[in-house]
Amino acid sequence: MNTETLIFMVAVQSVVTIITIYLFVKVLKAPGGSGDNGEEK
Amino acid sequence: MAQSNEGWGSRVGLILAMAGNAVGLGNFLRFPVQAIQNGGGAFIIPYFVSFLLMGIPLLWVEWAMGRFGGIRGNHSTPFILSSMSKKRLWKYVGVFGIFTNLGILAYYTYIESWTLTYTLKSLAQSFTGMSRGQVSAMFDSYAGVHGTMTDALVNINVPGWAIVAFLVTLVLNIWILSKGLSGGVEKVAKIAMPLLIVFGVFLAIRAVTLGSTGIAGCSTCNSSAGLDFLWKPKLNSLSNPKVWLAAAGQIFFTLSVGMGTIHCYAAYVKKNDDIALNAMSAGWMNEFVEIVLGASIVIPIAVGYMGLDWVKDNAGFMMAFKTMPFLFNQWGAVLATLSGVAWFGLLFFAGITSSLAMGTPFMGFVEDEFGWGRIKSAVILGVIILVLALPTIFFFEMGVFSEYDYWTGTVSLVIFASAEIILFSWVFGMDKGWKEITRGSDIRVPDFYKFIIKWVTPVFILTIFFTSLVKPLHGEMSDWQLAFHQLFTRGSWPWANDSIIAQALHLNQKWIWFKTGHPTVMFYKDMSRLLLTLTFVGLAVLVHIAAKKRRKTAKITKL
């Protein structure tokens, strides 16, 4: 596999993975993140 | 209008259900095939630009519209749209948000049933020792297909076991929907989404590390060759409208925007709860499944054993069922079984989380407007889906399946998205809209998105709509130039067969309904259009009755 292509693939997939995990962790830490949706803000 | 007692049990459950709505069979089958057919790495850049300029804005808009309607007691698009403008027309535009889902559910549930059957077949090691031809023939026999679309009556399909599996899948969907959002949909999403990711990661690692398979006489039989083709960036693609159209189309499908499902799910979110972060989280989760997992399974494995040229010529949806089990067989009995269960299992989970989402808008509508209970609503939905689905099964090779897919799964999405972005940005107003998006937000939404949602996204979507409407033959930049030249010099337009107008008017084809006394493919196509039109009209009549009922109730309340 071409090195340039490999770098592009790894870069894109890493960015997507990091953003996905970052946003999901942010949701878990936010109000109502991991628990019940009972209380309104 | 009845009071709804539906709601989400937890925020994570809502996000997994929303991500499950977006993650579908297309993430694993449509995305890599689209990328291969549109120049491999050439596809990725327009795809990302479309995601940032159209996908993310539409996610925010649909979540905001859904929550806005939901807090006013509206849980389906006709009355969600209607609550944003005084014009009566909008509730009929909102019919698309129910119609599209019914149309897609009809054929999608059938495909979902294939994945369920194939998971069980993999578990039972039914493919062990089979050649590629035998695996392919097994699918043809299961689905009762003959491999060609002709006018011959012999092509009518009556696949006994496939129908049984379809009915089981339909009943399963209806049963889960009858349990409600938190008791059914959310519980399934919480199990299905993590399992889907685990299965996907397992298969992606196996595919990426496959390397050269050493097939004699095949120099490109190497999974790296597949990845190389898929990811090699080609900047010249940016000037090709065909690639842009395909990339933007993929964003529509993959995020499930323009369908009405997001509005419906978001309608059960509370007034001051976040939507901006939720929308981003669910949207990016879908992108992870598509770009990281979807791009790393089918193509590398297929290229590893079949070679790059074969994949370029044969990449398509059916590869999942007709080729993949044979490729897994090359890994020995135990790994083949595990991989088969993981592959078809993840497709099934991707399918069912989407089909449940597609059932919700109809249920939300009849529960709100006619006060039906969950069980009654779910059963009636099941009957409608059964009636709409049977023609796609029996006349699969007479073009009915592809007609449903084209009109409900492609054209309707673009029409509805065009209408809703205009309603949100221009009729409802961007200032009010921006407040809706940012109210209760747990992230800071970049201010420039206000400009993007008002100007860029509508232009983007309308351009897609217009170009799809009048697409010239082949659709490359030079074909557009030639088409305009032909228009001004000869007064005619070289329609591409898949342009909306050419499809609608059967241009480039002879309009024949009967040949030697038998109905032709065109007859079946037109009959399926008639059935879909009647479904739309029927829903519009129900919306009309519901609106009348609302006005009557409002008058009585005033008195």
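Me: Which residues of H11(B) are buried?

Reply: This is a predicted model, where local features need pLDDT of at least 70 and side-chain atom pairs count only at pLDDT 80 or more, while totals for chains, interfaces and linings use all residues. Residues are numbered from 1 along each chain as its sequence is written, chains are lettered from A and ligands numbered from 1 in the order in which they are written, and side-chain values use heavy atoms, leaving out hydrogens and water. Buried means under 20% relative accessible area, exposed over 50%, and partly exposed in between (1.4 Å probe, protein chains only). In H11(B), the buried residues are Ser223(B), Gly226(B), Leu227(B), Asp228(B), Phe229(B), Leu230(B) and Trp231(B).

Me: How many of the nine residues of helix H11 of chain B are buried?

Reply: Helices (H or I, at least four residues) and strands (E, at least two) are DSSP runs, numbered from the N terminus. Helix H11 of chain B covers residues 223-231. It is largely enclosed by the rest of the structure, because the buried count is seven of the nine.

Me: Which residue has a side-chain oxygen that reaches the backbone nitrogen of Ser224(B)?

Reply: A polar contact is a pair of N or O atoms within 3.5 Å; within protein, one must be able to donate a hydrogen and the other to accept it, and residues adjacent in sequence count only if both atoms are side-chain atoms. At the start of H11(B), the oxygen comes to within 2.9 Å of that nitrogen. It belongs to Asn222(B).

Me: Which elements of chain B cover the buried residues of H1(A)?

Reply: The buried residues of H1(A) include Met9(A), Val16(A) and Leu23(A). Contact means heavy atoms within 4.5 Å. The cover includes, from chain B, helix H1 (11-22), helix H4 (44-70), H11 and helix H14 (276-293).

Me: How many salt bridges are there between chain A and chain B?

Reply: The contact takes 27 residues from chain A and 33 residues from chain B. Across it, five residue pairs are in polar contact (both at pLDDT 80 or more). A salt bridge is a side-chain nitrogen of Lys or Arg within 4 Å of a carboxyl oxygen of Asp or Glu. Between these chains the count is zero.

Me: Is Glu6(B) buried or exposed?

Reply: Glu6(B) is found in the segment before H1 of chain B. Its side chain makes a polar contact of 3.0 Å with the side chain of Arg374(B), and a polar atom of that Glu6(B) side chain lies 3.0 Å from the backbone nitrogen of Leu181(B). Because its relative accessibility is 16%, Glu6(B) counts as buried.

Me: What is the relative accessibility of Gly260(B)?

Reply: Gly260(B) sits in the loop between helix H12 (241-255) and helix H13 (261-266) of chain B. Leaving aside neighbours within four places in sequence, Gly260(B) is in contact with Thr77(B), Gly97(B), Asn101(B), Pro361(B) and Phe416(B). Gly260(B) counts as buried, at 2%.

Me: What is the relative accessible area of His146(B)?

Reply: His146(B) lies in the loop between helix H8 (132-143) and helix H9 (160-178) of chain B. His146(B) is partly exposed, because its relative accessible area is 39%.
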